[in-house]
Amino acid sequence: MATMAAPHLFHINPSGNRSNPLSNGSLNQFSSFYKPKGFSSVQINYRNLRTQATSDGRKQVEVVYNLDEKLNRLADEVDMNAGLSRLSLFSPCKINVFLRITSKRPDGFHDLASLFHVISLGDTIKFSLSPSKTTDRLSTNVPGIPLDERNLIIKALNLYRKKTGSDKFFWVHVDKRVPTGAGLGGGSSNAATALWAANQFSGCLATEKELQEWSGEIGSDVPFFFSNGAAYCTGRGEMVQDIPSPVPFDLPMVLIKPPEACSTAEVYKRFRLDVSSTADPLTLLEKISKNGISQDVCVNDLEPPAFEVLPSLKRLKQRIIAAGRGKYDSVFMSGSGSTIVGVGSPDPPQFIYDEEDYKDVFFSEATFITRADQQWYTEPSSSSNAGSLADQSSWTT
């Protein structure tokens with residue numbers, strides 16, 4: 001039996017006018033929230049009306065009803081009539097467990113071979129249908145993020161409308177936890193998540209395979225996020241081969257990123273193929289599948305040029321290895337930087353806390369995750385908040 005909500009009182013004064021304690025806007029707030037399409041007002045059928053006299057002679061009508069029950073029923077009716085109107089999704093980032101650059105292409109890009117894996121650090125993106133038929137509206141919790149067509153979320157929504165003919169526009173809010181310029185693919189994940197969301201709002205006009213193929217027009221890393229979360233990626237990164245996760249999901253790691261970002265273009269500009277690793281990427285993948293993660297398999301050919309661009313990043317990696325005293329199975333840079341990953345422990349070394357030079361460093365623990373077929377990624381319930389000794393509002397693109 002449903003619990004009765006507290007009664008609301010309508011006072012009738014001698015002139016016959018009624019003062020309604022809900023007329024201050026509280027009921028209107030419920031009304032506006034639960035009518036995304038064509039529902040003009042909240043209609044509540046009041047029950048159990050009781051009239052009694054107050055000490056000053058006024059009449060008092062007591063209306064007893066269960067507000068939660070009424071609003072839940074109303075929300076169900078709206079959902080049936082209007083379809084999906086709001087959606088909140090987890091947008092996780094990735095790390096490159098190894099990253100080999102195998103050749104330079106005629107178009108100026110490089111071919112790579114890499115084990116990409118989704119991890120539990122991510123943003124939360126909230127989508128709502130917009131009444132506008134011309135523009136999307138984007139907001140975020142940190143300054144410095146572009147909110148126009150430069151943002152990959154807006155690019156993804158525009159691309160979806162172009163490919164499908166959908167006329168739906170959105171209000172989007174990003175609760176940002178993944179730092180930018182980090183080599184973690186946060187922006188690419190946001191774009192993939194926006195494509196997924198737009199498709200849900202439109203009744204899945206496109207298949208996952210189509211979304212994956214289209215997403216390569218946004219960026220090389222975007223198609224990976226339409227994998228199951230673990231993939232062997234080649235080409236510019238857009239050729240994605242799903243694989244069973246070769247690593248245990250309870251294997252902890254710590255991500256440590258200095259405030260400085262590495263320019264991907266500058267890193268590739270300094271890359272030299274003739275002095276890069278000669279390790280066979282398929283052999284690296286086989287070793288990880290058989291023996292797990294170790295320092296010798298976590299090869300990243302972009303580390304040397306990134307360390308030229310940002311010499312302090314090389315010192316940071318060396319210090320993490322030395323201070324870890326063996327507690328990390330491997331310490332390596334993800335992508336083109338500037339995040340250093342320590343696999344095997346969720347904790348940063350003590351000097352990150354103690355030394356003034358590292359007071360602005362971002363750090364977060366994480367684990368490996370995947371997603372179920374036909375479902376988007378979900379944040380593990382045990383996932384902790386990202387930590388930092390800095391004000392994270394200083395993140396920039």
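With a relative accessibility of 12%, Y358 counts as buried; the term means under 20% relative accessible area, whereas exposed means over 50% and partly exposed lies in between, for a 1.4 Å probe and protein chains only. The model is predicted, and local features therefore need pLDDT of at least 70, side-chain atom pairs count only at pLDDT 80 or more, and totals for chains, interfaces and linings use all residues. Residues are numbered from 1 along each chain as its sequence is written, and side-chain values use heavy atoms, with hydrogens and water left out.

The structure contains 9 aromatic pairs. One of them joins F351 and Y358 in an edge-to-face arrangement, with 5.1 Å from centre to centre and 70° between the planes. Rings of Phe, Tyr and Trp (its six-membered ring) pair if their centres lie within 6.5 Å; planes under 30 degrees apart are stacked, those over 60 are edge-to-face, and the rest are tilted. F351 is buried, at a relative accessible area of 7%. Y353 and F363 also form an edge-to-face pair, with centres 5.6 Å apart and 70° between the planes. This pair links distant parts of the chain, 10 residues apart: Y353 belongs to helix α10 (residues 351–354) and F363 to strand β14 (residues 362–366). Helices (H or I, at least four residues) and strands (E, at least two) are DSSP runs, numbered from the N terminus. Y353 is partly exposed at 41% relative accessibility, while F363 is buried at 10%. Elsewhere, W196, F226, W376 and Y377 make up one aromatic cluster.

From β7 the chain passes through helix α3 (residues 152–164) to β8, a β-α-β crossover that is left-handed. A right-handed crossover would run clockwise from the first strand over the helix to the second, with the strands pointing away from the viewer.

Attention now turns to H117, which lies in strand β6 (residues 110–129). H117 is buried, at 1% relative accessibility. The side chain of H117 makes a polar contact of 2.8 Å with that of S245. Such a contact is a pair of N or O atoms within 3.5 Å; within protein, one must be able to donate a hydrogen and the other to accept it, and residues adjacent in sequence count only if both atoms are side-chain atoms.

In helix α7 (residues 281–291), the residues P281, L284, L285 and I288 are buried. These four lie on the same side of α7 because they cover an arc of only 100° around the axis, the arc being that of the directions from the helix axis to the C-beta atoms. An α-helix has 3.6 residues a turn, so residues three or four places apart point the same way. On the other side of α7, K290 and N291 are exposed.

A cis peptide bond, with omega of about 15°, joins G337 and S338, and S338 is placed in the loop between β12 (330–333) and β13 (340–343). R325, in the loop between α9 (311–324) and β12, is not a glycine, yet its phi is positive, near 50°. R325 is exposed, with a relative accessible area of 78%.
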